Amino acid sequence: MKNLSANVFINEFTAHFDGDHSDNAARRQTPGMFYCTVQPTPVSQPSLITWNTPLAEELGISDPDDQDLQVLGGNVTTPSMLPYAACYAGHQFGNWAGQLGDGRAITLGEWPMSSGSSWELQLKGAGPTPYSRRADGRAVLRSSVREYLMSEAMFYLGVPTTRALSLVATGDAVMRDPFYDGRTAYEPGAVVMRAAPSFLRFGNFEMLAARKEYEQLRQLADWTISRYYPEVTTGYLDWFRAVVDKTTTMIVEWLRVGFVHGVMNTDNMSILGLTIDYGPFSFLDAYDRDFSPNTTDHPGRRYAFGKQHHIAYWNLGCLANAVAPLFNDTAPLVEALEGFGDLFYERFYAMKAGKMGLDLVGAEEIELVEQFEAVLFALQPDMTIFYQLLITLPESNLNAESTTAHFKEAFYHDLGESEKQQLQECIRSYQDRKNKNTISPEESIANMKANNPRFILRNYMLYEAIQDLEKGDNTRFRKLEHALQTPYADTHDEFFRRRPQWADEQPGSATLSCSS
Ligand code: AMP
Ligand code: MG
């Protein structure tokens, strides 16, 4: 185990690529640059809200001492660090947005690990960078708590994600207008240290392509392949296919656990297929395909739960466009992009079959999954509770009344007669099919338990934990931090309930914005 402020960081990204080394945070366009060096801006009084011991152990980082705390708050950098903000562009809500870049994230350097590889350690909320545009480079406690806990929750659910190592309160107030309606208020500030093999996004490639810096584009693609895609040996096409593959896996995993990202702009799409940039996200409570937690997204609900695979495909299209200059013939690139649909549906049905405890996926199973989806989207039970109750479904013959009674806990409304019938028909087809399983009922149940979380980090839970933390009480925060580590355990009775009514319309829980 090595000490954060005493160990020597490596800086291979900055050594490999052109950057602006002026340490000047003045907002500007940075043509020709992959990054700008910039120092974190000190804060008044950094205090540690939490430290991620399991992740620290994985990375080989020892518990933070006083000097490390100064690093985590952005008050101190050590001589081996070369802090920088990366330059990227992106499509936001379907429109080309030009240069964006790390407006409030500052990478301190790469942390070398005993395995020989390294992880980027990055402070989010550490102050202005050349890419902060009109904003302050800071982050509020509420959004930092959400990112810290949710990225860890996703990790323990088995979903590809960036991680979070620490959460530090800054002691400074930050002004925000959470609903863009002129009701500004001061909120406590915080800094999260994020960790990932790399924070490169689709947008890093889009930036170089837009600037027609094709040699740099090639350098970045080569770097990404050699460091993060060792399995790719035959060139850019193979690599693009691998990005499609990883992105598909990520989306299917989101749909498995009921995650809605909320801002799937191309600058928020990791080139490694990791869930990245946790903002106005939510788990589904009711199984609503049109649910989008992000008020900025409400006009069109572009980023709603049930559209996420379409958006992933659209975003991969932007990436394909960006890397097209690396291809003499783009036909195979387009073909690789078009492969998304088949790959997605194959994995989607397999994932659903896993959730339902079915032993294989053929035409009959696909039809059953579609029937299930249609009924669930129509009746909108709580997704997590419904699938938990599916695990304990009695094998006996159920009628409409007994089926409804079995799933009662999952519903947000009393079912009408025709709804009960719909549910019953779908459960009957399910039982008929399950009786044909060639695996044992025990094995089927074990599969279901492995694929259906019992604990999900619901927005109302985060909301309550944040309210308490802001008052200085970390009890709820600690409970969530603990619970999220075992999402598939048979425990969690305290959290195993539908979203309470008070949270139905609660701003900060039911609705969120990009203001964070
Ligand atoms: P997002 O979609 O929230 O990931 O952010 C979009 C862009 O806005 C990125 O370039 C961010 O770095 C930037 N940004 C968001 N919030 C801030 C902030 N408080 N200060 C500076 N830049 C920000
Ligand atoms: Mg972002």
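Reader: Before we look at pairs, what counts as a salt bridge here?
Author: A salt bridge is a side-chain nitrogen of Lys or Arg within 4 Å of a carboxyl oxygen of Asp or Glu. The model is predicted, so local features need pLDDT of at least 70 and side-chain atom pairs count only at pLDDT 80 or more, while totals for chains, interfaces and linings use all residues. Residues are numbered from 1 along each chain as its sequence is written, and side-chain values use heavy atoms, with hydrogens and water left out.

Reader: How many salt bridges does that rule give?
Author: The count comes to 31 salt bridges. One of them joins the side chains of K352 and E373, at 3.0 Å from N to O.

Reader: Which residue does D285 pair with?
Author: D285 forms a salt bridge with R458, at 2.8 Å from N to O. The two are 173 residues apart, with D285 in the loop between β13 (282-283) and α8 (308-323) and R458 in the loop between α15 (441-451) and α16. Helices (H or I, at least four residues) and strands (E, at least two) are DSSP runs, numbered from the N terminus.

Reader: Turning to domains, where are the bounds?
Author: An automatic or database domain assignment gives domain 1 (12-202), domain 2 (214-353), domain 3 (360-436) and domain 4 (459-504).

Reader: How much area do domain 2 and domain 3 bury between them?
Author: About 1,400 Å², with 66% of it on carbon and sulfur atoms. Buried area is the accessible area (1.4 Å probe) that two parts lose on being put together, summed over both. The rule finds 1 salt bridge across this interface.

Reader: And how far apart are the C-alpha centres of domain 2 and domain 3?
Author: The centres lie 31 Å apart. Contact (heavy atoms within 4.5 Å) takes 16 residues from domain 2 and 14 residues from domain 3.

Definitions and conventions:
Chains lettered and ligands numbered in written order.
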